[in-house]
Amino acid sequence: MSALAERSILEGRAGPAGRLSDFFWRNPKILLLLMLTPPLLWLGVIYLGSLFALLLQSFFSIDDFSGLINYEFTLSTYRQLLIPSNFDIILRTVVMAALVTLASAAIAFPIAYYAARYARGKWKVVFYLGVMLPLWSSYLVKVYAWKLILAKEGIVTWALAKLHLLWLLDAWLSLPVVGGNSLSISYTGTFIVFIYVWMPFMILPIQAALERVPGNLIEASADLGGNPAQTFRHVIFPLALPGIIAGSIFTFSLTLGDYIIPQIIGSSRLFIGQAVYAQQGTAGNIPLAAAFTVVPIVIMGLYLWMAKRQGAFDAL
Amino acid sequence: MTAVLFQQVSRHFGAVRAVDDVDLAIAEGEFFAMLGPSGSGKTTCLRLMAGFEQPTAGHIEIFGETAEGVPPYRRNVNTVFQDYALFPHLSILENVAYGLMVKGVARAERLKAAEEALAMVKLPGYGARRPGQLSGGQRQRVALARALVNRPRVLLLDEPLGALDLKLREQMQEELKSLQKSLGITFVFVTHDQGEALSMADRIAVFNDGKIQQLGTPEEVYKRPKTRFVADFVGSSNVLTPDFAASLGFPRTYASLRPEAIALGDGPGRKRFTGTVAAASFLGAATRVTVEAAGNRIAAMLPAAAGVPAPGEAVTLSFLPEDLHPMDGEQ
């Protein structure tokens, strides 16, 4: 037997590293504090600090004649949000975000359900690759690619012409609001591209939620007499709801804030993100830009509050 | 009347024959146990009855009606799942009322029925809680109430007591048995615990490798195991080699001999053999002695009063000839 094995308390490791290990072992909270301080400083000062500065800006106003910021607290900037041209921007953005969210959830759910319940082994890899792959390429490239796809000379028009269905596209484009000269400069085009770009953010949380639903709950529902529709309504959907809400937080808030997609694809009418961009840039109206920025934050707060009241997080 | 009938039923998963050519008939009002090690096909049989699996071949009837192709939700059969499968997002009362809800029973009526079912399993007033707030034993009772509130014609129980500790398990065994007697519902019970099967069931089917090895009353299965597998798995019968059985004047086949049938010493009309004590363990009311005799390790259960031989001692043991049962020695 070696000398080492005969000791009941082993010699400490030599050097400052050994003493440091012992120290942290005795005081784990100090180690935690050391590890958390840098990210908390970042989060507290840089992130929350700038957000707070932004909120502060929204309570200032701009002097119409000089164009200078008047550093007195006022709600007049918020009042400006309610004038029709600004309120239209908010309404347009919120309606678009809501529609994108609903459509994304409807498209994502069957895919997520397949991935969670049926895909095994190789097919699971195919699923993850298929969902994640678009996220690995540049967002701008994807949006410009969609511009080409949806353009009047693009592949969608071409394919529909070959199928003798061009009349369908023309009928759709002649509709008010959703229509336009071509898909790439209509709200329909904006809507399609929003759905495409945010889809992974909806699929993955729903898939994760469904993955956690034990298969025997579905069997139990069937065993107790629930047909597939009832099982979906009373068991699968309520248990997937936290995932749907998580996904909708992504699609809804990302649509509320995005300014590139509506800039490249869509009509010339502004969304909130574009309004913020224009106000803080060319117009130099930082207070109004800040007030516009507060709108999505308030809407998301209301949305989460309602979701909580509806019991969306009860199954967590 | 026959509650559940299997005619040459097989269920194969690829090359695996989970259930292989099984015939069985479960009578109405019977407490029927399906006993076997894991992977023996007993749970697949239960799932075939519930409708979660469809047979690869063969015919299944439930109360005289063909069950193949009938989905679980159209079978008047309910299951108590192994890990209970309570809905985590519903209260206990809503869980119990679930079956009635999907059948369209009015709210007030189904909640009243659920309350009564909870009272029947001795959990009155627990309706407002969530499954996560209950202990394993309580959840087990809720699962039972949730199934029974539908008044099924057959109740399927998939190792329902497996997750409970010994004391609770024994208590639930008695309760299940008396519940079954008072309700008169056919119970089909899957377990890998032979003690549970022996103490509760009217009849037992012993499964191995997707086949039924023996089907009979607990006493038959225990006293006269048909195969070496049954002898090994049910209770703790000694399996004597053909040579040893022949040396004692029996036919040259494998034979079973229960430890309780063996006594120390000799007597009139008894068969005797000698051996060396290999081990002895004290079990309270009796001492279990393992004896080496002609290459066989034979366990004997000796009463505590008998004076226990020490390991290494040579002993003479004997038994009555009718206690030795020849069997198919295919293993």
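The legends below describe close-up views of a predicted model. Residues are numbered from 1 along each chain as its sequence is written, and chains are lettered from A and ligands numbered from 1 in the order in which they are written. In this predicted model, local features need pLDDT of at least 70 and side-chain atom pairs count only at pLDDT 80 or more, while totals for chains, interfaces and linings use all residues.

**View 1. Packing of helices α12 and α15 in chain A.** Helix α12 (residues 228-257) of chain A packs against helix α15 (residues 286-309) of chain A at an angle of about 165 degrees, their axes lying 10 Å apart. Helices are DSSP runs (H or I, at least four residues), as are strands (E, at least two), numbered from the N terminus. Axes are lines fitted to C-alpha atoms, for helices over the stretch in contact, with angles from 0 to 180 degrees between N-to-C directions. The two helices, α12(A) and α15(A), are therefore roughly antiparallel (an angle over 145 degrees). On the side of α12(A), the contact is formed by A:Ile245, A:Phe252, A:Ser253, A:Leu256 and A:Gly257; α15(A) contributes A:Pro296, A:Ile299, A:Met300, A:Tyr303 and A:Ala307 (contact: C-beta atoms, placed from the backbone, within 7 Å). By class, this contact has 8 nonpolar, 2 polar and no charged residues. Ala, Val, Leu, Ile, Met, Phe, Trp, Tyr, Cys and Pro count as nonpolar, Asp, Glu, Lys and Arg as charged, and the others, Gly among them, as polar.

View 2. Just after α11(A), A:Gly225 adopts a positive phi of about 105 degrees.

**View 3. The contact of chain A with chain B.** Chain A supplies 17 residues to the contact and chain B supplies 19 residues. On the side of chain A that touches chain B, α11 and α12 are the elements that give two or more residues. The most come from α11(A), with 6 residues. By class, that side of chain A has 9 nonpolar, 5 polar and 3 charged residues.

**View 4. An annotated span of chain B.** UniProt lists residues 4-234 of chain B for "domain: ABC transporter" in an unreviewed entry; such annotations may be inferred rather than shown by experiment. The span is 36% helix and 27% strand, and its end C-alpha atoms lie 24 Å apart.

Key:
Parallel < 35°, antiparallel > 145°, perpendicular 65-115°, else oblique. Contact = placed C-beta atoms within 7 Å.
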